[in-house]
Each structure stands twice: as C-alpha cells, then as structure tokens.
Amino acid sequence: MNNPAPLSAPAACACCGDALAEEKRIDVRFGLPDIAFDLPEEARRSPGPSALLALEGAGFFVRCLLPVQLTGETELMLGAWLETDEETFLRAAEVWEDEAAYPELVVRGRLANAVRPWGEAVLGAEFTARVRETEELPYFAEGRDPEAVRLLGETWDRDDVLARFPHPLPVAVRTDLDERWWVERTAGFSARFENGADQFVAQDRSVAVGLFQNNEPGRTAEDFLAALLEGAPEVPEGQRHTERLPDGGVRYAFWQTPEDTGRTRHELTAYAVEPDGAAAGLFCSYETPGHHAWAQHVWRSLQRRRGEDAA
C-alpha cells in the first residue's frame, strides 16, 4: 500500500535526529501528514515547533512517536502524525517548551499517516499520546478503537514490516519477490521496483532481481539455465561457480570486470533454477573487488520457500 510521506534517514532518531547505534530500535519519520500532499505548501502553518502543524481547511496535527513491536526483539519507532482538535493543538503549542507543563500534555486524535504495511486500515485510527520523557515527543500510549489497539498490542513480523519501507534501513531485511521467492536487502540500500525487477541501490553498489518461468514442458533445470545464459560472456573457470541441488535444481553464478563501462565496475550475474521451472536471476554491480563476497552473499540469500513455508 502506498504512503506518500517522505521518510528521514533511518539511522537517525525520530525525535532529535541523532545517529542511532542500537539496531534493535529503528526510527522512521514521516515528514508530513498524508493529507498535506493534496494541499498547496502555503496552506501549512506552524506555531514554532516542527512537530506542530496546522493545515488551512484540513485540521491540526501533532507529531508523536508510535512504537511498533517487531519479531527479533526489534522496535520500529515511527514519528507519525495525530490529527487533533484545535484546543489540544493550541495547548500543545503553549506548553511545548515548558519543562514543567509539557510532561502533563495529553494528545488525543486520529492517525494521519497510512503506515505500511497496514495502510488504510490504520489511517484515521484513534489513539491517545502521552509524554514519557521531557526531551522526546509524546508517545502513542493507548489505542481507542480495535485497529489502534491491535497495532500497539501485537508483535509483527520484522521483515514483512521493514521491507515495506523503501528508503535505506540500518539492518538487512528479507524481502519477498513474490509469494515464494525472497532475497536479502543489505543494510543501507534503498529499494524500488523498476523495469520488471526489484532493485536495491547504495552509493557504490546495486542489485537487480527478476523472476522467470520455464514454459517448455520437459525442459530440465540445467537446460533452462542454459537458455537463460544465452548471450552471456565467456569467463574463465575461476570466475564461475555451479551448484547442483539435491532436489534437481541448479544454482549458477559468474563474475567479471567489464572494460567498456568507462570506469572500474565489477559484476556478478547469478541464477537459481528450480526443477519445476521457476527461476530467479540476480545482477550485482560494485566498485571494489572487496565487495565480491557481499555479492555472493546476496546471491546465496536468494531462496524459495518450500512446503508449508510457501503458504
């Protein structure tokens, strides 16, 4: 589900912007309430603090911290917006810088961001936010309808949630390519789907992953791999690797350093082909030879669920 709000650097605290060293807490900040993107910029008014925003004709908003519990003892801390009434908004503006009065601030309102992966199901859900620490934004503390209670109360699958955020994250995330295939997105890589492939990009490295299906009955995994490799460059034996899997599948990779790109780039191209004709292909590009081990790791992370895990 799409959410148009821009997100800040993931390794920065949603409250103060300082770098986070602890990967068990992942901070993400929504820059604006979703509705703000339907309005002209001149409709935005702030009484001073960046966490307070009035939208002409569209309501009053306070940014608070929404803690979401994930598996792996990980906490996703979302700097999200609550739409509140004018009286609460003015009260927040009055006490925001008051160390004595701010801890007593209570914000009741509706979630103003369609947070992934819940999307429209939680947009407008009712919460109460309270101050825990005087140096931090108020925290979403109570849900006041079923969706809000569920969001705060349940523990959610870490990879399923984090994979929905396309900006760089401080942790590696297992990313589903379809109902069965998945691959690891490296920490620090952004994600997008473009030209029929999932793409992960960092400053000095990139990955593109696509899926294929053998539509010729009776063709073996090795024959399908040969078809996928048609037109591929010849490389020395030490720059290729084949693994034949016990179930009849095959995995293959080759790597090279093309000389016609205008600058030094190293490339790894790899495939995983299943005996039933399903296949995935992966292309890694990287600037330094030292990243070859990383490229092989990404290739080996390319997996297909089997049996009950595919449900």
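Trainee: In strand β3 (residues 52–55), which residues point one way, which point the other way, and are they buried or exposed?

Mentor: Leu 52 and Ala 54 point one way from β3, while Leu 53 and Leu 55 point the other way, and all of them are buried, a word that here means under 20% relative accessible area, with exposed meaning over 50% and partly exposed lying in between (1.4 Å probe, protein chains only). In a regular strand the side chains alternate between the two faces of the sheet. This is a predicted model, in which local features need pLDDT of at least 70 and side-chain atom pairs count only at pLDDT 80 or more, whereas totals for chains, interfaces and linings use all residues. Residues are numbered from 1 along each chain as its sequence is written, and side-chain values use heavy atoms, with hydrogens and water left out.

Trainee: Why is Thr 269 called buried, while Arg 150 counts as partly exposed?

Mentor: Thr 269 has a relative accessible area of 14%, which is under the 20% limit, so the residue is buried. Arg 150, placed in helix α2 (residues 146–153), has 37% relative accessibility, between the two limits, and therefore counts as partly exposed. Over the whole chain of 311 residues, 48% count as buried.

Trainee: Which residues is Thr 269 in contact with, leaving aside its neighbours within four places in sequence?

Mentor: Thr 269 lies in strand β17 (residues 266–273) and is in contact with Tyr 252, Ala 253, Phe 254, Leu 282 and Phe 283, contact meaning heavy atoms within 4.5 Å.

Trainee: What is the order of the open sheet of seven strands, and which strands stand at the edges?

Mentor: The order is β12-β13-β14-β18-β17-β16-β15, with antiparallel pairing. β12 and β15 (240–244) stand at the edges because each has a single partner strand, which leaves one side of each without a neighbour in the sheet. The twist averages 15 degrees from one strand to the next. β15 pairs with strand β16 (residues 250–256) over five bridges, and His 241 stands opposite Ala 253 in β16. Helix α4 (residues 221–228) packs on this sheet, touching β14 (205–213), β15, β16, β17 and β18 (278–286), and its direction makes about 150 degrees with that of β17; such angles run from 0 to 180 degrees between N-to-C directions, with axes fitted to C-alpha atoms, for helices over the stretch in contact.

Trainee: What makes the largest pocket a pocket, and what is its volume?

Mentor: On a 1 Å grid over the protein atoms alone, a pocket is an open set of points with protein on both sides within 12 Å along at least five of seven lines, whereas in a cavity a 1.4 Å probe fits but cannot get out. The volume is about 430 Å³, taken as the space filled by probe spheres set on grid points joined across faces, edges and corners. The lining has 18 residues, of which Asp 160, Ala 163, Arg 164, Thr 175 and Asp 176 lie nearest the centre, and a lining residue has an atom within 4 Å of a point.

Trainee: How many residues of each class does the lining of the largest pocket have?

Mentor: There are eleven charged, six nonpolar and one polar, where Asp, Glu, Lys and Arg count as charged, Ala, Val, Leu, Ile, Met, Phe, Trp, Tyr, Cys and Pro as nonpolar, and the others, Gly among them, as polar.

Note on methods:
Helices (H or I, at least four residues) and strands (E, at least two) are DSSP runs, numbered from the N terminus. Two strands pair if DSSP finds at least two bridges between them.
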